[in-house]
Amino acid sequence: MMYGYAWDLTTPLTYAASILPILLIGLTVTLQAAAAGFALALVLGLAFALLRRSRIKAVALATAFVVEFLRDTPLLVQLFFLYYVLPDYGITLPAFLTGVIALGLQYSAYTSEVYRGGIEAIPRGQWEAATALNMTRWQTYRDIVIPQMVPRIVPTMGNYLVAMLKETPVLSVVTVLEMLGLANMIGERTFEYLVPLSMVGIIFLLLTLICSAGIHRLEKVLPKAGIPLR
Amino acid sequence: MNKVLAQQPDAASAAATPVIEFRGVTKRFGALTVLDDFNFAVAPGEKVTLIGPSGSGKSTVLRILMTLEPFQEGQLTLAGIPYHEPHGKGPFRASDRHLHQIRSHVGMVFQSFNLFPHMSVLRNVTEAPVAVLGLSRAEAECRAIDLLRMVGLADKKDHYPAQLSGGQQQRVAIARALAMRPRVLLFDEPTSALDPQLVGEVLGVIRNLASEHDLTMLLVTHEMRFAREVSDRVCFFDKGRIVEEGEPERIFTAPAEPRTREFLQSVLG
């Protein structure tokens, strides 16, 4: 019995049907964590990419260091650090929020590299035209560079979204009750792991397939030359 | 005359004060000296063409004026404003604000057009007037349509650059530059990237512009017949210096310098 749903172990099928509602509750947590984490990664990654291009050397260097650090340390270490070490310094965050921040931070390091590549791929002539029109650096990013970069980075960003989605089970180690964690608990109580774990695998497969199809669709819909943001 | 007053667009002093003045400007790319102790002045409303072999520094002159390239030594003023600030920092030795002020007087048309591919023609021409000059979209569009009509492309306002020919793109780029109302307009080989049959339409637009008296124009071009037609003065460039300059008729018919003669022979055939 979990979340008010009792399992029925008569046959594998009845077992599967009886625990599906529990796993779907876990799925909503998985989706929320991935959505929030990815949104954070997209925003923070762009901030890192822009700061790394700052004309102030110290800012650019410090950002490069932070990005490199985030990228080169395991997600699990960052997660444990946020969850177990920060409370010693008076910062206690809820498990779910900790998970979202850890995912967002780690993936922001990846997305910042994608943004960087995207920005560098914009021809120099576009920057020069913007300068000749007396646009500021910020206006150039906002109106010229970022709008043209978006269609180019969608496929790679899509890959990272799928990768992050598949990594959300890591959050179960800090007690976030997402789908895999719940399946594991069901297994512990029923001594029957095959069905719940297979179901989690299948649900993840379906999720990533849907995501990939969505990204592919987005690639097709977005104008290749870019989209004005304003 | 008082220095502060000299910066005002005073009609009486305008004729006497050059709008562009290079004094001993030296520009280096690493070990390579592109402009060497360069002196050059342009009067308000003057149309000047720079000719010469590639790599001679002609385009660099325009790029320095547009603040796309810094220079190391000497002085440069535009509409009385010096490019370097007394305590200016960075390669341009000027603050962003100061560069912004300089750029408000000058516009540029590029060899490769550099239109914004993600924006319609109308948006290309209105973007900076709205973002930089603070015009309302309606007002900017009204002006943009006038300019597009002038370059003969009002009917293409909703097209995207990729849907236009090179010649049409360059005409849009000219309208886009004019929308910022510069006093000085720089043309960096505006027809070099065009198919031969499209050159004429762009030159036609520039020719019409040249008949406007207040706009100061500085052109780098390989179209010698055109240079002869539209310019008040032609400057022959070689190795970072002006070797010879004068009225187009004289330069093209009776060049004094052997290097000018050689160059003209090689390009005119």
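Predicted model: local features only at pLDDT ≥ 70, side-chain atom pairs only at ≥ 80, totals over all residues.
Residues are numbered from 1 along each chain as written, and chains are lettered from A in the order written. Local features need pLDDT of at least 70 and side-chain atom pairs pLDDT 80 or more, while totals for chains, interfaces and linings use all residues; side-chain values use heavy atoms, without hydrogens and water.

**Chain A**

Select chain A. It has eight helices and zero strands (DSSP runs: helices are H or I of at least four residues, strands E of at least two, numbered from the N terminus). The C-alpha trace spans about 75 × 45 × 25 Å along its principal axes. Of the 230 residues of chain A, 45% count as buried (under 20% relative accessible area, with exposed over 50% and partly exposed in between; 1.4 Å probe, protein chains only).

**A:Thr111**

Next, select A:Thr111 in helix α4 (residues 95–120) of chain A. A:Thr111 is buried because its relative accessibility is 0%. Its side chain lies 3.2 Å from the backbone oxygen of A:Ser108. Leaving aside residues up to four places away in sequence, show A:Ala41, A:Leu42, A:Gly45 and A:Met157, which A:Thr111 touches (heavy atoms within 4.5 Å).

**The largest pocket**

Now go to the largest pocket, with about 1,000 Å³ of space. A pocket here is an open set of points on a 1 Å grid over the protein atoms alone, where a 1.4 Å probe fits, with protein on both sides within 12 Å along at least five of seven lines; lining residues have an atom within 4 Å of a point. The volume is the space filled by probe spheres set on the points. Of the 31 lining residues, select A:Arg55, A:Arg137, B:Phe92, B:Asp96 and B:Arg103, the closest to the centre. Helices α1 (12–52), α5 (124–132) and α6 (137–167) of chain A and α4 (96–103) of chain B each supply at least two lining residues.

**Strand β9 of chain B**

Finally, select strand β9 (residues 233–238) of chain B. Six of its six residues are buried, so the strand is largely enclosed by the rest of the structure. B:Arg233, B:Cys235 and B:Phe237 lie on one side, and B:Val234, B:Phe236 and B:Asp238 on the other.

Strand β3 (residues 47–51) of chain B runs parallel to β9(B), joined by four bridges, and B:Thr49 stands opposite B:Val234. Strand β10 (residues 241–246) of chain B runs antiparallel to β9(B), with five bridges; B:Phe236 has B:Glu244 as its bridge partner there. End at B:Lys239, in the hairpin of β9(B) and β10(B), with a positive phi near 50 degrees.

Note on methods
Polar contact = N/O pair within 3.5 Å; in protein donor to acceptor, adjacent residues only side chain to side chain. Pairing = 2+ DSSP bridges.
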